[in-house]
Amino acid sequence: MAWTRPAYRRGDVDRAGKALINPALEPNEVSLAWLVADNWRSSHAFPLNHFQDLLRYKARKVDSAAIVVQRQKRRHSIELKLRDNPAMQLSQMHDLGGCRAIVSDVNQVHELVKSWEDSRTNAELTKTYDYIANPRKSGYRDVHLVYRYRSDNPKTEVYNGLRIELQLRSALQHAWATAVEVAGTFTGQALKSGHGSEDWLEFFRLMGAEIAQTEECPPVEGTPKDPHVLREALRDLASNLRVDDLLSGWMTSMQAIRQVATKDAHYYVLSLDTAARTLNMAAFPKASGIAAEAERSRLEKESETHPGLDVVLVSADKIEELSKAFPNYNLDTTAFIAELRAAISD
């Protein structure tokens with residue numbers, strides 16, 4: 001049975017996934033808007049630390065090897081979310097501050113959710129998003145719990161009402177999310193937000209469905225329920241996109257950048273030969289963006305007659321953001337590749 005890819009709908013974002021600045025705003029108005037937004041985001045730091053401590057305690061009781069991290073939402077992600085949701089106000093965004101717990105399997109995720117629901121705390125649970133029972137169409141799967149901070153202490157009650165999002169996921173669910181971030185960073189697309197190449201978006205949808213089947217959970221809507229049909233479609237896309245080679249190469253690239261990064265280097269032009277399994281890298285200072293783009297263009301022209309050559313231009317801050325958001329990305333990408341190989345070799 002053949003698999004027909006569903007149609008996609010995307011918002012007002014270019015194919016590179018970069019949010020478009022409103023041309024009606026003057027530069028000083030944009031700067032003032034970000035000053036207000038940054039201040040509002042920073043105000044979530046105290047309740048974020050409070051929830052991270054509590055989440056670490058609860059997660060380690062469920063899984064002694066649980067990984068717990070926290071993050072504040074990045075500027076680009078804030079802008080993209082607001083553009084995808086025009087009616088949303090910044091004050092309505094419940095994930096400006098977020099904590100994430102990664103446990104071994106999906107049963108432990110459910111156990112951790114119950115621990116939170118049964119806990120005695122002043123904080124108010126305002127919303128539960130169960131993306132395991134009801135996966136997003138992108139293939140994204142985990143559980144989000146949104147809490148409002150509450151305190152009777154006069155010194156901290158100023159933070160009352162601020163919302164913090166807890167993300168609870170299994171190791172495989174986290175491996176999927178990490179792979180999406182890595183692919184998005186190196187292809188220059190906001191794949192996490194559903195923007196970019198339809199082939200990459202469809203690949204991650206199908207891979208999300210494959211992991212759901214592995215975890216014996218509800219399927220991703222619109223994906224094949226027959227495991228053989230699902231894996232055939234997955235195999236075709238993985239081959240066409242060279243997913244295994246690229247993810248492995250990008251992982252090597254990140255390691256190389258972190259090892260050779262200097263204070264002067266800001267742009268890196270990576271030339272990854274997936275056939276020969278070699279990586280060449282050229283570093284450029286921040287003031288030499290035009291030279292970096294010229295080098296990328298030269299190598300892209302060369303790649304037209306060199307099958308298997310993948311050329312990428314990335315900035316140091318993108319790699320740093322990726323490393324902060326996914327501090328254990330090496331292990332997660334390896335786990336994702338292993339899961340993919342197991343699926344398509346069946």
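This note concerns helix α6 and the two helices described here as packing against it.

1. The model is predicted, with local features requiring pLDDT of at least 70, side-chain atom pairs counting only at pLDDT 80 or more, and totals for chains, interfaces and linings using all residues. Residues are numbered from 1 along each chain as its sequence is written, and side-chain values use heavy atoms, with hydrogens and water left out.

2. Helix α6 covers residues 198-214, and its 17 residues reach 24 Å from first to last C-alpha, close to the 24 Å expected (1.5 Å times one less than the number of residues). Because 13 of these 17 residues are buried, α6 is largely enclosed by the rest of the structure (buried meaning under 20% relative accessible area, with a 1.4 Å probe and protein chains only).

3. At the start of α6, a side-chain oxygen of Ser-197 lies within 3.2 Å of the backbone nitrogen of Asp-199, whereas Glu-216, which follows the helix, has a positive phi near 55 degrees.

4. The axes of α5 (residues 171-187) and α6 come within 10 Å and cross at roughly 170 degrees, so the two helices are roughly antiparallel (angles over 145 degrees, on a scale from 0 to 180 between N-to-C directions). Their contact (heavy atoms within 4.5 Å) has nine nonpolar, three polar and no charged residues, with Trp-176 of α5 and Trp-200 of α6 among them.

5. Against α11 (residues 329-344), α6 packs at about 80 degrees with the axes 11 Å apart, and the pair is therefore roughly perpendicular (65 to 115 degrees). The residues that meet include Phe-203 and Glu-210 in α6 and Phe-336 and Glu-339 in α11, and this contact divides into seven nonpolar, one polar and two charged residues.

Notes: Helix = DSSP H or I, 4+ residues; strand = E, 2+ residues; numbered from the N terminus. Buried < 20%, exposed > 50% of the residue type's maximum accessible area, 1.4 Å probe, protein only. Polar contact = N/O pair within 3.5 Å; in protein donor to acceptor, adjacent residues only side chain to side chain. Parallel < 35°, antiparallel > 145°, perpendicular 65-115°, else oblique. Nonpolar A, V, L, I, M, F, W, Y, C, P; charged D, E, K, R; others polar.
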